[in-house]
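Q: Here is a structure I would like to go through term by term. Please set each value against its definition.

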Amino acid sequence: MDVNPDKLNSFIGKMLGDVGAAMNASLMLIGDKLGLYQTLAATGPMNSSELAKATGTSERYVREWLAAQAASGYIEYDAASGKFSMTPEQNMVFGDEDSPVFMGAVGSLVSATFLDESKISEAFKTGNGVGWNRRSECLFCGTARFFRTGYKHHLVQEWLPALDGVVEKLKRGAKVADVGCGHGISTRLMAEAFRQTAKDAELGDRVRFDVQSAKTYPAEGYDLVCFFDCLHDMGDPVGAMKHVRETMADDGTCMLVEPFANDRLEDNLNPIGRIYYAASTVVCTPASLDQEVGMALGAQAGEARLRDVANKGGLTRFRRATETAFNLILEARV
Ligand SMILES: C[S@@+](CC[C@H](N)C(=O)[O-])C[C@H]1O[C@@H](n2cnc3c(N)ncnc32)[C@H](O)[C@@H]1O
């Protein structure tokens, strides 16, 4: 077999970058958990002793962590002063939980993939599923924090207004179901945005959380039923759509927030698809296979397959309301 040395070198170079990222994933988690990024961003430039003192951690560990982070390009090092700092851009990604590009939760998500790896390897052999109920706690926390960034900066500002007539209903006071809500970040953001309206309308308790499956929550004539990044996790998404049809008001709207994906695999071979196909392999596909039907849409289902699911559930008016780099926002109506 002829080996092209240039191709080999460039592939090894790529792999070195990937190995470095993988090795540093737990350091990201440590930095986030112990407040190292946040403190460095707020107080830097600092040396290892100063950062250790400010965070109540051990200097020798912090010194090594800082070196690895600087080698990753996640923080800056000034050799003349021996101090480390973060640029505004690095702070937006690692230090500032409220920034539109915060990714500090990634460490928890990666950690969950390793903690649950033996269950997933076993599932590869048996074909059985691994449900959310069997996952490490950090998967729930990491998911909530990871998606919070997008929800906080897009949901009320862009996604709800992109749906036909929904904001007007929410302003008047509407019934909303947030199915598969996880830690309920999206639920709270919507309730807070329309709080005054709800208060004025004397709706009392604005939010109630119930443990229900997508096919069992009670029919209350919802004006809006939302699925944030969860329809593809379900074993029976068509059944979930049929339940929407039965529980939603006739002129109601179903909003599907799904991972951004094109319809064809070859059009998803990019950095976003790489993240989502991996998450799909170890989280979403096993979750769906653990449930009845086990349709296993996968996190890269794409609009055409999602449209088909909605149509089969009786939601025949379907369109892409808007999108971001990470999400498709789909509107489905009767
Ligand atoms: C990726 S998480 C998304 C959580 C939350 N909506 C968010 O955006 O942060 C997928 C969620 O779907 C939920 N889920 C999976 N299958 C479900 C089903 N059949 N009925 C209701 N929820 C389900 C899981 O419990 C999990 O919380």
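Q: What do the buried residues of α2 pack against?
A: They pack against α1 (5-33), α3 (48-55), α4 (59-72), β2 (83-85) and α5 (88-95). The buried residues in α2 (residues 36-43) are L36, Y37, T39 and L40. Contact here means C-beta atoms, placed from the backbone, within 7 Å. Helices (H or I, at least four residues) and strands (E, at least two) are DSSP runs, numbered from the N terminus.

Q: What kind of model is this, and how are residues numbered?
A: This is a predicted model, in which local features need pLDDT of at least 70, side-chain atom pairs count only at pLDDT 80 or more, and totals for chains, interfaces and linings use all residues. Residues are numbered from 1 along each chain as its sequence is written.

Q: Why is D229 called buried?
A: A residue is buried if 20 or more other C-beta atoms lie within 10 Å of its own, exposed if 12 or fewer, and partly exposed in between, with C-beta atoms placed from the backbone. D229 has 23 such atoms within 10 Å, so D229 is buried. Its place is in the loop between β4 (222-228) and α12 (237-247). D229 also has a positive phi of about 50 degrees, although it is not a glycine.

Q: What makes A296 count as buried or exposed?
A: A296 has 21 C-beta neighbours inside 10 Å, so it counts as buried. A296 sits in the loop between α13 (271-289) and α14 (302-312). Its phi is positive, about 50 degrees, and it is not a glycine.

Q: How do you know whether N133 is buried or exposed?
A: N133 has 7 C-beta neighbours inside 10 Å, so it counts as exposed. The loop between α7 and α8 holds N133. The C-alpha atoms of N133 and A287 are separated by 9.0 Å, though the two are 154 residues apart along the chain.

Q: Why does helix α7 lie largely in the open?
A: Of the 10 residues of α7 (residues 117-126), the number buried is 0, so the helix lies largely in the open. Just after α7, G127 takes a positive phi of about 85 degrees.

Q: Why are α8 and α10 called roughly parallel?
A: Angles under 35 degrees count as roughly parallel, over 145 as roughly antiparallel, 65 to 115 as roughly perpendicular and the rest as oblique. α8 and α10 pack at about 30 degrees, with their axes 9 Å apart. They are therefore roughly parallel to each other. Axes are lines fitted to C-alpha atoms, for helices over the stretch in contact, and angles run from 0 to 180 degrees between N-to-C directions. Residues of the contact include F147 and Y151 of α8 and L189 and M190 of α10.

Q: What makes α1 oblique to α6?
A: The axes of α1 and α6 (residues 106-115) come within 8 Å and cross at roughly 130 degrees. That angle makes α1 oblique to α6. In the contact, A25, S26, M28, L29 and D32 of α1 meet V106, G107, S108, V110 and S111 of α6.

Q: Which residues surrounding the ligand are the closest?
A: G180, G182, A214, F228 and C230 are the closest of the 19 residues that surround the ligand. A residue is near a molecule if its C-beta atom, placed from the backbone, lies within 6 Å of it. α8 gives the most to this shell, with 3 residues.

Definitions and conventions. Two residues are in contact if their C-beta atoms, placed from the backbone, lie within 7 Å.
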